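Hello,

I am passing a structure on to you, with some notes on what turned up in it. Please have a look at it first and then read on.

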Amino acid sequence: MRSSASDQETLSISLKRSPIGTPYKHRLVLRGLGLRKLHDAVTRPNTSQVRGMIEKVGYLLEVKVL
């Protein structure tokens with residue numbers, strides 16, 4: 001296990017496809033990740049909660065491990 005938060009991997013997540021026409025719950029997941037506009041990019045910790053959100057709307061995203 002990792003001992004400190006600074007050692008934890010982070011994920012760079014960017015919105016590459018428009019959420020127009022997607023289910024409402026998928027749009028809520030995007031909001032939860034902090035993505036609002038096309039080509040927005042955010043950095044999130046690599047946790048199971050974030051990975052689950054990415055799995056749900058992964059077809060709209062580009063994800064890089066930092």
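**How the helices cross**

H1 passes H2 in a left-handed crossing, meaning that the near helix is turned anticlockwise from the far one by less than a right angle. The contact (heavy atoms within 4.5 Å) involves His 26, Val 29, Leu 30, Gly 32 and Leu 33 from H1, and Val 50, Met 53, Lys 56 and Val 57 from H2.

A word on the source: this is a predicted model, where local features need pLDDT of at least 70 and side-chain atom pairs count only at pLDDT 80 or more, while totals for chains, interfaces and linings use all residues. Residues are numbered from 1 along each chain as its sequence is written, and side-chain values use heavy atoms, with hydrogens and water left out.

His 26 lies in helix H1, residues 24–33 (helices are DSSP runs of H or I with at least four residues, strands are runs of E with at least two, numbered from the N terminus). Is His 26 buried or exposed? His 26 is buried, because its relative accessible area is 15% (buried is under 20%, exposed over 50%, partly exposed in between, with a 1.4 Å probe and protein chains only). Beyond its neighbours within four places in sequence, His 26 touches Lys 56, Val 57 and Tyr 59.

**The sheet**

Three strands form an open, antiparallel sheet in the order S2-S1-S3; strands pair if DSSP finds at least two bridges between them. At the edges are S2 (41–45) and S3 (61–65), each pairing on one side only.

Best wishes
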